[in-house]
Amino acid sequence: MAYDGSFVPSVQGLRAVAALSVLMDHFYDMPKGGMYDIPNPGFLPPLWPWFQSMINVGGHGVELFFMISGFLIPASLVRHGSLGRFFFDRVLRIVPVFLILHVALFVIGPIVGYKFFRGIDIGTYLGIFTANLFFLQDVLGLPIAQQNAWTLTYEWAFYIWFALTFVALRIGGRLMAAPLVLLGLACLLHWPITAFFCVGMFFSATGLRFRLPGWVGGAAGLACGTAMYAGLVLFHPFVALVPGFLLFGMVLASNSGIGNVLSAPALQYVGKISYSLYLVHPFVLFPLQMIGLKLVATGVNRWLLWFAFVVLGGIMSLVASAISYELIEVRLRRLLDGALRNQLFGPVGKMEHSVSS
């Protein structure tokens, strides 16, 4: 039976794991200060190789996000019943936090000399601003402004592709949808990590689940998650699809061991604020990074600096993300929704393109 759009606590917990994984990766990467060709760069202490490897895989939390989107978006489109309402809610979900951080970065960046802002001319400035605003920086070969926002390009591309394919299938059947399906397959070959959207789509369309209860299920989920991350680092995204598929099937199963672990209250809260955490934490860590790089040059112990960076950075990131969630994702979003929804759609929904038939 296809997924009906109901809340799945274990998916919320998986969101938390994905966001915390990326945060963990930046605890390892940012202390280097952009120096990768020398041993022990920046204020990163000489960590054990196995520990470095474990931390360094955290960036692949984005593939978990892709599986979650692939699972949730089809049901969301069906539930909304129109392209207009679907994309309106997607914009309300994604754009407010992104836009506020985007503007803040382009106002403060030139002042502090952040990355590509050093010596930038007005034309380049406006070009990078506009390209990043519409998630086109990769297409145009321009710098990525927000450190983690590159994944939003993939997210929006998936939303648009799935919506068009869904409508084409409803209106013209398989023949009309075939070119879009072929386009999707071409994207999988060119950008293999997009295959993780397909994992989520599969479980959204079917009732297949892998229920392993108790500690056995928890251990199996942890093993599959570890194998997925290792496959992404050591081999190829297509290899990592197999353990990722098994992991997600266990996460979705009711009363599974790994599902119960992910349903813990702490992970539920972090999952709730995970979008803000994902985008906000680089802004929180950046000034701490600058302070650490200055202090290590004066001879302050690397271990002390890195420990302070991880502890303070973790606490400050969670606090800032909680504030961002409450002020932007909840209050501002509610305000915008109340002001714009009736204006755009009205009681008769004249602007919407129905896909419910």
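Predicted model: local features only at pLDDT ≥ 70, side-chain atom pairs only at ≥ 80, totals over all residues.

1. Helices α4 and α13. Sorted by class, the contact of α4 with α13 holds eleven nonpolar residues, one polar and one charged.

2. Helices α7 and α8. How are these two helices oriented to each other? Helix α7 (residues 150-190) packs against helix α8 (residues 195-205) at an angle of about 50°, and the axes are 9 Å apart. The two helices are therefore oblique to each other. From α7, the residues Y154, E155, F158, W161, F162 and L188 make the contact, while α8 supplies A195, F197, C198 and M201. The contact of α7 with α8 divides into nine nonpolar residues, no polar ones and one charged.

3. L188, found in helix α7, deserves a separate remark. Its relative accessibility is 15%, so L188 counts as buried, the cut-off being under 20%. With neighbours within four places in sequence left aside, L188 is in contact with T194, A195, C198 and F238. L188 and F238 are 50 residues apart along the chain, and their C-alpha atoms are separated by 9.6 Å.

4. Aromatic rings and charges. How many aromatic pairs does the model contain? The count comes to 40. Two arginines are also placed over ring faces. R85 lies over the face of F345, at 4.8 Å from the ring centre. R90 lies over the face of Y159, and here the distance from the ring centre is 5.3 Å.

5. Are they buried or exposed? Q12 has a relative accessibility of 10% and counts as buried; L14, at 4%, also counts as buried.

6. Surroundings of Q12. Not counting residues up to four places away in sequence, Q12 touches F7, L267, Q268, G271 and K272. The C-alpha atoms of Q12 and I68 are separated by 9.1 Å, and the two residues are 56 residues apart along the chain.

7. Surroundings of L14. Once its neighbours within four places in sequence are set aside, L14 is in contact with L64, I68, F248, V251 and L262. L14 and M67 are 53 residues apart in sequence, and the distance between them is 10.0 Å, C-alpha to C-alpha.

8. Residue L208. L208 is placed in the loop between α8 and α9, the latter covering residues 214-234. Its relative accessibility of 36% makes L208 partly exposed. Leaving aside neighbours within four places in sequence, L208 is in contact with F202, F203 and F245. The C-alpha atoms of L208 and Y114 are separated by 48 Å, for residues that are 94 apart along the chain.

9. Positive phi angles. Most residues other than glycine have a negative phi. K115 has a phi near 40°, a positive value in a residue other than glycine. F135 likewise has a positive value, with phi near 60°.

10. Setting of K115 and F135. Where do these two residues lie? K115 is found in the loop between α4 and α5 (122-133), and F135 lies in the loop between α5 and α6 (137-140). K115 is partly exposed, with a relative accessible area of 44%, whereas F135 is buried, with a relative accessible area of 9%.

Notes:
Residues numbered from 1 in each chain as written. Heavy atoms only, no water. Nonpolar A, V, L, I, M, F, W, Y, C, P; charged D, E, K, R; others polar. Phe/Tyr/Trp six-rings, centres within 6.5 Å; stacked < 30°, edge-to-face > 60°. Lys NZ or Arg CZ within 6 Å of the ring centre and 35° of its normal. Buried < 20%, exposed > 50% of the residue type's maximum accessible area, 1.4 Å probe, protein only. Contact = heavy atoms within 4.5 Å. Axes fitted to C-alpha atoms, helices over the stretch in contact; angles between N-to-C directions. Helix = DSSP H or I, 4+ residues; strand = E, 2+ residues; numbered from the N terminus. Parallel < 35°, antiparallel > 145°, perpendicular 65-115°, else oblique.
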